[in-house]
Amino acid sequence: MQMAPQHPTAALLLCEVVMEILSWIPAKPVTRLKLVCKSWNSIISHPHFVKLHLHRSPNNAILLSTRTPPFPDKERKQGIVLSSVEPFIQNPSSTLDAQENRHSLHVQDWVLGSCNGLVCVAHILYKNHICDIRFRLWNPLTGFISGNSPCLCVNAHNVIGFGYDESSDSYKVMTVIRDSSGTVTAQVYSFRGSSWKRVNSFPAFPFSAEDIGHFIGGTLNWLGLRNLLGDDYDWADVTLDMLMIVSFDLKSDTHKQILLPKGIDEISSKDPTLGVWGNRLYLLHDYKNTHFIAWQMKEFGDENSWTQLLKISFHYLGVERLLFPEFIFENGNIFMLRGRHRFEEVFYDRRDNSVKRVNILANNCYFHAFDYVESLVQPC
């Protein structure tokens, strides 16, 4: 019996229904569903579906960038581990030791962060205080790897950031550089382009060379010091008016200052820290070397939305000095801090004031945690 050809409107409606259903399925099984038939493969590969699926994907995962320190007769190793949040909180050591979600990296690769499921990796070669850096994008779920950016040659006094410009649908990396005269400049590279673009002078330089630009709301953000002329400075001489948050807009290539919370009336005894966790901007500092304080900007860009989430004594946490969080979970409810020892982590839950200590052995590895979401994104 011969079937009548399907009406074009009915075919289109069926396609939309299939797309709607598939968009709610987690990314990993969706990639396998490409093999069902040609039409499903076409739907799942379409840019509209990729964006729809990303929009509906839960932000309940983290990316752990791991590095083993050099040991005698042992090779240093670098890699990433992908994990859901809950299993990691329950058993961090098992998560870090697990092999099924581990991916190896070159020893000279450094993870700058993750955005929309893409990981930005910098391959850095050091020689006589000069860095040769190439960047690439990688989707660990799909296996997508972009081409390398043009090589950027900079001095050792630089910081790097990675983010997404929604207006041009482009992923960008940015370096902030201070030259020997103290002038601070920046360069931006779009993975849709072919060359680096120089940006006008910067008003401040991040005082921590390890500080990666914090991406939120189309901007990269650093905590920096204005009028910093050299590397050698005494924190005791730093005043509040020297401290500023610089926010760089990836769309317009312009920067602005974000004011510190109004409740800060004196400089902390140790360098404060800026961070983005769960799409919220945080400022973390100590108080008189006895308490840990955490501020959250509830609405990014609204300086009146700074809220003090936490003020807790080091004694209660069981730490002897200020140890900033390596991650903040559950919209600012769970803080993970380094403990007394190198491989001890302290989890503090402000909802019930509980403190949990965990020894993270994980083959003696260091790690940094980033927000992560599984996605099908493969940029041009």
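This is a predicted model: local features need pLDDT of at least 70, side-chain atom pairs count only at pLDDT 80 or more; totals for chains, interfaces and linings use all residues.

Trainee: Which residues does D109 touch, not counting residues up to four places away in sequence?

Mentor: Start with where D109 sits: strand β4, residues 109-115. Strands (E, at least two residues) and helices (H or I, at least four) are DSSP runs, numbered from the N terminus. With that sequence limit, the residues D109 touches are R67, Q78, V121, A122, H123 and R136.

Trainee: Is D109 buried or exposed?

Mentor: Buried means under 20% relative accessible area, exposed over 50%, and partly exposed in between, using a 1.4 Å probe and protein chains only. D109 has 2% relative accessibility, so D109 counts as buried.

Trainee: What is the length of the polar contact between the side chains of D109 and R136?

Mentor: A polar contact is a pair of N or O atoms within 3.5 Å; within protein, one must be able to donate a hydrogen and the other to accept it, and residues adjacent in sequence count only if both atoms are side-chain atoms. For the side chains of D109 and R136, the value is 2.9 Å.

Trainee: On to the rings: how many aromatic pairs does the structure hold?

Mentor: Rings of Phe, Tyr and Trp (its six-membered ring) pair if their centres lie within 6.5 Å; planes under 30 degrees apart count as stacked, over 60 as edge-to-face and the rest as tilted. By that rule the total is 12.

Trainee: How many residues apart are F88 and F347?

Mentor: F88 and F347 make an edge-to-face pair, 6.5 Å centre to centre with 65° between the planes. F88 belongs to helix α5 (residues 85-90) and F347 to strand β23 (residues 344-349), so the pair links distant parts of the chain. F88 is buried at 0% relative accessible area, and F347 is buried too, at 4%.

Trainee: Which residues do ring pairs link into a cluster with F88?

Mentor: F347 belongs to this cluster, and K356 lies over the face of F347 at 5.4 Å from the ring centre. A charge sits over a ring if NZ of Lys or CZ of Arg is within 6 Å of the ring centre and within 35 degrees of the ring normal. The residues linked with F88 are F327, F329, F347 and F367.

Trainee: What is the phi of N279?

Mentor: Most residues other than glycine have a negative phi. N279 is in the loop between β17 (273-277) and β18 (280-287), and is exposed at 51% relative accessible area. N279 is not a glycine, yet its phi is positive, about 60°.

Note on methods
Residues are numbered from 1 along each chain as its sequence is written. Side-chain values use heavy atoms; hydrogens and water are left out. Contact means heavy atoms within 4.5 Å.
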